Amino acid sequence: QVRLVESGGGLVRPGGSLRLSCIASGSIISINAMGWYRQAPGKQRELVARIGGGLSPYIKDSVKGRFTISSDNAKNTVYLQIDSLKPEDTAVYYCNANIRQLGLLVNLDYWGQGTQVTVST
């Protein structure tokens with residue numbers, strides 16, 4: 001079994017910062033890539049940042065300069081630093097990882113349960 005657990009969400013004022021963390025655990029052979037998606041009320045889930053997979057880190061254009069993705073491969077952890085938060089950043093943020101699990105011959109995508117980020121006065 002593989003599990004992704006996010007943390008770091010919360011209620012912040014506009015202009016504030018948050019650092020989201022996602023830890024992958026379980027029977028992991030390797031992690032190809034990890035990323036962050038978000039889903040605002042009434043909207044589709046969207047990719048905001050991704051790291052790994054042999055590619056340069058990806059940041060959604062509309063959040064470039066405010067969102068930073070990083071990872072600690074030794075800890076199977078990915079982070080999302082969010083600065084200068086805006087009300088439109090309000091969403092549930094989900095961690096996603098493409099993982100090779102023990103006993104399987106292919107990589108599968110796994111999701112965390114999500115962490116709520118609310119930006120409001």
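Visitor: Which residues are linked in a network of salt bridges?

Guide: The network links R38, E46, K60, R66 and D89. Keep in mind that this is a predicted model, so the values here are computed from it.

Visitor: How many salt bridges are there in total?

Guide: The count comes to 5 salt bridges. One of them joins the side chains of R38 and E46, with N to O at 2.7 Å.

Visitor: And which side chain does D89 meet in a salt bridge?

Guide: The side chain of R38, with N to O at 3.0 Å. D89 sits in the loop between β8 and β9 while R38 is in strand β4, so this pair ties together parts that are 51 residues apart in sequence.

Visitor: Are D89 and R38 buried or exposed?

Guide: Both D89 and R38 are buried. For R38 the relative accessibility is 8%, and buried means under 20%. E46, at 25%, counts as partly exposed.

Visitor: Where does K60 come in?

Guide: K60 forms a salt bridge with E46, and their closest N and O atoms are 3.4 Å apart. K60 lies in the loop between β6 (55-59) and β7, and E46 in strand β5, so the pair ties together parts 14 residues apart in sequence. K60 is partly exposed, with a relative accessible area of 22%.

Visitor: New topic: how many disulfides does a search of the whole structure find?

Guide: The search finds 1 disulfide. It joins C22 to C95, with the sulfur atoms 2.1 Å apart.

Visitor: Remind me, what is a disulfide?

Guide: A disulfide is a covalent bond between the sulfur atoms of two cysteines.

Visitor: Is this one left-handed or right-handed?

Guide: The torsion about the S-S bond of C22 and C95 is about -80°, so the disulfide is left-handed. C22 is buried at 0% relative accessibility, and C95 is buried with a relative accessible area of 0%.

Visitor: What about the largest nonpolar core, which residues touch the most other members?

Guide: That core has 30 residues, and W36, L80 and Y93 touch the most other members. Several strands supply at least two residues each, including β1 (2-7), β4 (28-39) and β11 (115-119). The largest share, 5 residues, comes from β9.

Visitor: Why would such residues gather at all?

Guide: In soluble globular proteins, nonpolar side chains tend to be buried together.

Visitor: What is L80 in contact with?

Guide: Leaving aside neighbours within four places in sequence, the contacts of L80 include L18, W36, V48, F67, I69 and Y93. R19 and T68 are among them too.

Visitor: Last one: is R3 buried or exposed?

Guide: R3 counts as exposed, at 59% relative accessibility. R3 lies in strand β1. Not counting residues up to four places away in sequence, R3 touches I23, A24 and S25.

Visitor: And how far is R3 from E88?

Guide: R3 and E88 are 29 Å apart in space, C-alpha to C-alpha, and 85 residues apart in sequence.

Notes
Residues numbered from 1 in each chain as written. Predicted model: local features only at pLDDT ≥ 70, side-chain atom pairs only at ≥ 80, totals over all residues. Heavy atoms only, no water. Core = buried A, V, L, I, M, F, W, Y, C linked by side-chain atoms within 4.5 Å. Buried < 20%, exposed > 50% of the residue type's maximum accessible area, 1.4 Å probe, protein only. Helix = DSSP H or I, 4+ residues; strand = E, 2+ residues; numbered from the N terminus. Contact = heavy atoms within 4.5 Å. Disulfide = S-S within 2.5 Å. Salt bridge = Lys/Arg side-chain N within 4 Å of Asp/Glu carboxyl O.
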